[in-house]
Every structure is written in C-alpha cells, then in structure tokens.
Amino acid sequence: DIPAEEIARAAKQTHSRLIALSAVNGAHEEQLDEYRRLCALAADSAEILLGGAAAESVAAALPDASLQ
C-alpha cells in the first residue's frame, strides 16, 4: 500500500520507464483513486503495467487511465 506519489517519485528518481503493479483485490474506489493519481503523476515519464488477479476489473473501471 505505497502511495501513488511515492511510487511516481521513485520512478522519476531512478529514470524508470515502466512501473509494474499487481492488483490482487477488486476495484475499490479508494484503490481506483490511487491508480488514477499514479497514472496522472507518471504520465510523462513511465508506462504502467498492471497484472494480478484483479487487473482486468481495475482496467475496466478505469477506461481512461493509461494502464497496460
């Protein structure tokens, strides 16, 4: 449960081009807000790859987010 801001900051500091996340729980609104925030924060520096058991439900709940 690392905040979106911390993930984006670490990705920028290390010049990462990819952020890989695992979604294991369903698409709860609080988690969706974090995904939205991370997509906005990392949009100019890294792609976000989402995997895990709940990846499809999260991606379906966020059709405008830049999740792979």
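These notebook entries record what I looked up about salt bridges in this predicted model.

**Ground rules.** I number residues from 1 along each chain as its sequence is written. In this predicted model, local features need pLDDT of at least 70 and side-chain atom pairs count only at pLDDT 80 or more, while totals for chains, interfaces and linings use all residues; side-chain values use heavy atoms, with hydrogens and water left out.

**Entry 1: the search.** I looked for salt bridges (a side-chain nitrogen of Lys or Arg within 4 Å of a carboxyl oxygen of Asp or Glu). The search of the whole structure returned five. I noted the general principle that side chains of opposite charge can pair when their charged atoms come close.

**Entry 2: Arg-36.** I found Arg-36 in a salt bridge with Asp-33, at 2.8 Å from N to O. These two residues lie three apart in helix H2 (residues 29–42), so about one helical turn separates them. Helices here are DSSP runs of H or I with at least four residues, numbered from the N terminus. I also found Arg-36 bridged to Glu-29, at 3.2 Å from N to O.

Entry 3: Arg-36 is partly exposed at 36% relative accessibility, a class that lies between buried (under 20% relative accessible area) and exposed (over 50%), with a 1.4 Å probe and protein chains only. Asp-33 is also partly exposed, at 33%.

**Entry 4: Glu-34 and Arg-37.** I recorded a salt bridge between Glu-34 and Arg-37, whose closest N and O atoms are 2.0 Å apart. Glu-34 is partly exposed at 25%, and Arg-37 is partly exposed at 32%. Salt bridges with shared partners join Glu-5, Glu-34 and Arg-37 into one network.
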